[in-house]
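Take a look at the structure below. We will walk through it step by step.

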Amino acid sequence: MPPSKKPESTRAGRFVTQLQGYKAFQPSPLPPALKQDEEMTDLLNRATHAVGKLSGLSSIIPNLDLFVYLYVRKEALLSSQIEGTQCSLEDILNTKTTSSQDIEEVSSYINAMNQGLTRLAELPMSARLIKDLHTYLMHGVRGSNKTPGEFRRSQNWIGRPGSTLTTAAFVPPPPEDVARLIVELEQFIHGHDKIPLLIKIALIHAQFETIHPFLDGNGRLGRLLITFLLVYWQVLETPLLYTSYYFKAHRTEYYTRLMDIRLHGNWEAWITFFLRAVLESAEMSAQSAIEIHKLITTDRARIHTPLALRTYDLFCREPTLTNPILVMKLKSSKPTVQRALNYLQNLGIIQKTSTKRPHRYTYQPYLDVLTRDTLTQIG
Ligand SMILES: Nc1ncnc2c1ncn2[C@@H]1O[C@H](COP(=O)(O)OP(=O)(O)OP(=O)(O)O)[C@@H](O)[C@H]1O
Ligand SMILES: [Mg+2]
């Protein structure tokens, strides 16, 4: 990660010395005049193609709501892992059986994505919606005492634990500038420019992190916005693109690229990095979508009783279930449900995964596809 060759230190904004002596960053309005080299053009084309292909998959996946349901959960897991949340996809899928602060945090993220997408029907992408998203996101989780849904009213800073305003790695703009900067960001979002949408979103994400409008949760909200804007602009029909995995796996470069914008005005290196994140994430999602589609199509075709089919569909929604839970969901009797479970077990579709009663049954191949590229796997 070499720093930009020709530093243009004020291209993205200026560090302004405050009365108290520290320097806070004052970002310039978007967009900068960009220099698009061959590498960026190539990545833009490939990323755009990959996102288009991913969006196209929405129409071939029969169980789209299910797929999105699981993917939103997967995104939540990946995004939370950047912050250090420790829970696996299985934990998220079994929120009834596991309870911890981590899972609440992930559930809030899911809730924010879902509620936010619903609100898009009545609200434009705006400061209002950003604040609402933040309220949903921070509800009941760590940081929830830090004025959720409200822009900060104090100076914050990014740095190692124990750092101060003067020793911080980065000091975002003073609190009195936040509302104006978000309005400017909103104007850029709605502006009629010719900037390709993926590049536009790269600029928005970085600017959002630079403004750091909230006391906490800026990273999580900023990453949520990437997917959100793609749905808002109808590039994606459903929130199938997840970049958090990439950002987690490349966290050092993620931070360095953001800092290189602020320090050296190096927008281009950030955009290139961002486009690579989109490209790889889109390809990964598409691959999982196709694998899940194949698995469901194959397994479903092997099931020949109506109740076993309904049971199977529930396993696609929650890959680990027990007899009593199925009795409730299917409004059926315990022996009937057990017959369906035995039937699916004999087909090798589900397995008994606990010896304690009530026994847990897991649709493992399905879980394998979903967890393959989550971070628990790569440690
Ligand atoms: N050293 C750094 N250099 C540049 N940017 C940073 C650095 N550390 C953090 N950031 C940015 O700030 C975000 C974290 O801000 P904040 O704590 O408000 O959000 P979060 O959602 O709680 O955290 P996280 O992103 O870790 O999940 C990071 O995601 C990144 O965008
Ligand atoms: Mg934080």
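Helices (H or I, at least four residues) and strands (E, at least two) are DSSP runs, numbered from the N terminus. This is a predicted model, in which local features need pLDDT of at least 70, side-chain atom pairs count only at pLDDT 80 or more, and totals for chains, interfaces and linings use all residues. Residues are numbered from 1 along each chain as its sequence is written, while chains are lettered from A and ligands numbered from 1 in the order in which they are written.

Begin with the whole chain. Its secondary structure comes to 16 helices and five strands. A residue is buried if 20 or more other C-beta atoms lie within 10 Å of its own, exposed if 12 or fewer, and partly exposed in between; C-beta atoms are placed from the backbone. Of the 379 residues in the chain, 37% are buried.

Now find helix α1, residues 38–57. It has 20 residues and reaches 29 Å from first C-alpha to last. That is close to the 28 Å expected at 1.5 Å a residue, where the expected span is 1.5 Å times one less than the number of residues. Which residues of α1 are buried? They are L44, A47, A50, V51, L54 and S55. These residues lie on the same side of α1 because they cover an arc of only 140° around the axis. The arc is that of the directions from the helix axis to the C-beta atoms. On the other side, E38, T41, D42, G52 and G56 are exposed.

What do the buried residues of α1 pack against? They pack against α7 (197–211) and α11 (267–301). Take A47. Leaving aside neighbours within four places in sequence, A47 is in contact (C-beta atoms, placed from the backbone, within 7 Å) with L198, L275, V278, L279 and A282.

A nonpolar core is a set of buried Ala, Val, Leu, Ile, Met, Phe, Trp, Tyr and Cys residues joined through C-beta atoms within 7 Å. The largest one has 58 residues. A47, A202, L241, W270, L275 and V278 touch the most other members. Helix α11 gives the most to this core, with 14 residues. A second, separate core of 14 residues includes Y312, L341, L344 and Y361. In soluble globular proteins, nonpolar side chains tend to be buried together.

Next, turn to the strands. An open sheet of three strands runs in the order β3-β5-β4, with antiparallel pairing. Two strands pair if DSSP finds at least two bridges between them. β3 (320–322) and β4 (351–352) stand at the edges, each with a single partner strand, so one side of each is left without a neighbour in the sheet. β3 and β5 (residues 360–362) pair over three bridges. L321 stands opposite Y361 in β5.

Finish with the loops. The peptide bond from L30 to P31 is cis, with omega near -5°. P31 is in the loop between β2 (23–27) and α1. Another cis peptide bond joins R357 and P358, with omega about -5°. P358 sits in the loop between β4 and β5.

T147 has a phi near 40°, a positive value in a residue other than glycine. T147 is found in the loop between α5 (127–138) and α6 (178–190). H212 also has a positive phi, about 50°, although it is not a glycine. H212 lies in the loop between α7 and α8 (218–232). Are T147 and H212 buried or partly exposed? T147 is partly exposed, because 17 other C-beta atoms lie within 10 Å. H212 counts as buried, because it has 23 C-beta neighbours inside 10 Å.

Note on methods
Two residues are in contact if their C-beta atoms, placed from the backbone, lie within 7 Å.
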